[in-house]
Structure formats: structure tokens, C-alpha cells
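Here's a walk through one chain, written for someone who would rather look at the model than at a table. Have the viewer open and follow along.

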Amino acid sequence: MTKIQEIAAAVEAGKSKIIGELVQAALDEGAAPLEILNVGMIDAMSIVGDKFQKEEIFIPEMLVAARAMKKGVEVLQPHLGDAEAATVGKAVVGTVSGDLHDIGKNLVSMMIESAGFEVNDLGVDVALNQFVAAVEGDEKVNVVALSALLTTTMPAMKETVAALNASKARGRFKIMVGGAPITPEFCKEIGADAYAPDAASAAQKAKELAKA
Ligand code: B1M
């Protein structure tokens, strides 16, 4: 088994105690940080999701897998991207109301920060008025990144985008959306400015939006 396969197995089995050592060992062996993330962790979480869907595992197993991934990401974080010297702006990031999934959102936060943004991460289950207050209360904000992982929280994303579109500060920020059930079509339909399929593209897209 390669180190990356060991990492994937540890994420799937929710082995938080050993995941840090495994990630460090893979880095020491010269594995690419993005490969560790994509193959060792994100793919493993997809398998966890599939098993949950087939009722082979249940919420506690999903939760321990998520914890293990978080621990692994903590070790990986300093290797994921070199922070750019100049600040390109400030991004408000959060998972929309009713949605507690934060791993993808945390990766998006981390990658956007590495791309040179200051980040105000509002966390999960963020009410639309919290997003509006965050943009209206801070003139530096030029990007808002909304995450949703559940089809049932897509309406909350739509309402949040509508509230942001109605904000008096609308002229100075762009809205980006993402998360597993989100599509470019949905992005367009709800009036957001951009869609990104993953955290690395979110960082790239945020830079483009900040320049637009
Ligand atoms: Co949840 N859950 N979950 N869950 N969970 C999913 C999303 C699900 C697909 C599992 C399944 O059934 N196969 C399913 C949703 C089905 C649907 O809506 N169609 C589901 C469900 C049903 C639920 C509950 C309703 C279960 C229940 O209670 N019956 C419940 C809801 C709770 C709530 O939010 N109110 C629930 C709870 C949980 C846990 C708490 C146990 C745990 C979350 C722990 C945590 O986040 N701290 C959990 C987990 C771990 C998952 C899965 C297994 C993994 C999610 C994850 O972290 N993936 C997930 C199945 C899956 O995704 N395959 C599942 C890894 C992460 C890196 O990927 O978040 O997709 P992701 O982020 C990606 C991209 O989406 C993108 O970038 C990241 C990659 O680079 N991205 C953005 C994300 N946000 C972005 C924003 C952007 C741009 C890109 O720009 C702004």
C-alpha cells in the first residue's frame, strides 16, 4: 500500500490519531500536497458518502471520517499554497443557513487565503443577514464565497444571493458559489457572479473576480 492509499484508508476508517503522521510521512517521501488532498482525502470522503447513501455506514462513521480528514488537512495546510505577498482583497466565506458541512468550505477558505486574500470565515449555518452585515460592515470585502452541500440548503443559497444582490454595498463585491449539488446553471439562475467546482478553482476564480 502506498502512503496515499494508507491516508485514504485512514480517512475512511476515521483514524484521527494516525492521520497526521501518515500525511507527514507522505510529504517526507515527496508526495505532492494536492495529490494527498485529492486522492488521499477527498476521494476517500466520496467513498464514505457513497457508503452512507447505500446505508452501509451511518452518521457517526461519517463524522469520524470528517474528523480524520480535518486532522490530516491541518498537517497539509502549510504545504497547500504559498501565500502571495500582496493582499488582493478580502473574502467573506461561509456555509449557508441550515447546512453544517464545513470541510469543503474550510478548504475553500484556506486556498483563497493562500491566493493572497484576507478571509473572514463566518463558519457554518450562516444566516443571510450575517453575510449582508459582513459585507456592509467592511469596505475591504470584494468577494463573497457561499458553500452548500445539501440539495435542501440550495434554497437558502438562493435567498442569501438575493439578499446580497439587494445590499447597498453590492457594487463593491462579487458572489461566488460552490459545493457538491451546485452547478453553473444554478449559479446563473440565482444571480451569483461565478461558480467554482473545487477549492483550487475557487481561489483562482476569486482572484479573477477581484480584478473584474
Ligand atoms: Co452529510 N451529506 N449530511 N454529513 N455528508 C452529504 C453531503 C451527502 C451527499 C451524503 C450522501 O448521502 N451521499 C448527503 C447530501 C444529499 C443531498 O443533499 N442530495 C448528506 C446528508 C444527507 C447529510 C444529513 C442530512 C444526514 C442526516 O442527518 N440524515 C446531515 C445534514 C446536516 C446539516 O448540514 N444540516 C449530514 C451530516 C453530515 C456530518 C455532520 C455527519 C458530516 C459533516 C461534517 C463536517 O463537515 N464537519 C457529513 C459528511 C462528512 C458528508 C460527506 C460524506 C462528505 C462531505 C465532505 O466533507 N466532503 C458527504 C458525501 C460526499 O460529499 N461525497 C455528505 C469532502 C469535501 C472536501 O468535499 O464539501 O464537496 P465538499 O467540497 C468540495 C466541493 O464541493 C467544493 O470544493 C471542495 C473540494 O475542493 N466546494 C466549493 C465546497 N464549497 C465550495 C464553495 C465554493 C467553491 C467550491 O465557492 C464558494
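## The overall build

Keep in mind that this is a predicted model. Reading from the N terminus, the order is α-α-α-α-β-α-β-α-β-α-β-α-β-α.

As for size, the C-alpha trace spans about 55 × 45 × 25 Å along its principal axes. The radius of gyration is 17 Å, and a compact globule of 212 residues would come out near 17 Å, so the two agree.

## The cobalt and its histidine

Now find the ligand. Its cobalt atom takes a single donor from the protein: NE2 of His101, 2.2 Å away.

Where does His101 sit? Look in the loop that links strand 1 (89-95) to helix 5.

## Helix 5 against helix 9

The crossing is right-handed.

Which residues of helix 5 and helix 9 meet? Helix 5 brings Leu107, Val108, Met111 and Ile112, while helix 9 answers with alanines: Ala199, Ala200, Ala202, Ala203 and Ala206. Sorted by class, that contact has nine nonpolar residues, no polar ones and no charged ones.

## Helix 1 against helix 2

Head over to the N-terminal end of the chain. Helix 1 (residues 3-13) packs on helix 2 (residues 16-28) at an angle of about 160 degrees, and the axes are 9 Å apart. Angles over 145 degrees count as roughly antiparallel, so that is the label for helix 1 and helix 2. Helix 1 passes helix 2 in a left-handed crossing.

On the helix 1 side, the contact uses Lys3, Glu6, Ile7, Ala10 and Val11; on the helix 2 side, Ile18, Ile19, Leu22, Val23, Ala25 and Ala26. The tally for helix 1 with helix 2 is nine nonpolar, no polar and two charged residues.

## Helix 2 against helix 4

Helix 2 also has a contact with helix 4 (residues 59-76). Here the axes come within 8 Å and cross at roughly 35 degrees, and the crossing of helix 2 and helix 4 is right-handed.

From helix 2, the residues are Ser16, Ile19, Gly20, Val23, Gln24 and Leu27. They meet Val64, Arg67, Ala68, Lys71, Gly72, Val75 and Leu76 in helix 4. How does the contact of helix 2 with helix 4 divide by class, and how many residues are charged? There are seven nonpolar, four polar and two charged residues.

Note on methods:
Residues are numbered from 1 along each chain as its sequence is written. This is a predicted model: local features need pLDDT of at least 70, side-chain atom pairs count only at pLDDT 80 or more; totals for chains, interfaces and linings use all residues. Side-chain values use heavy atoms; hydrogens and water are left out. A crossing is left-handed if the near helix is turned anticlockwise from the far one by less than a right angle, and right-handed if clockwise. Helices (H or I, at least four residues) and strands (E, at least two) are DSSP runs, numbered from the N terminus. Contact means heavy atoms within 4.5 Å. Ala, Val, Leu, Ile, Met, Phe, Trp, Tyr, Cys and Pro count as nonpolar, Asp, Glu, Lys and Arg as charged, and the others, Gly among them, as polar. Donors are N, O and S atoms within 2.8 Å of the metal (3.2 Å for Na, K and Ca); water is not among the atoms, so sites may look incomplete. The radius of gyration is taken over C-alpha atoms; the globule rule is 2.2 Å times the number of residues to the power 0.38. Axes are lines fitted to C-alpha atoms, for helices over the stretch in contact, and angles run from 0 to 180 degrees between N-to-C directions. Angles under 35 degrees count as roughly parallel, over 145 as roughly antiparallel, 65 to 115 as roughly perpendicular and the rest as oblique.
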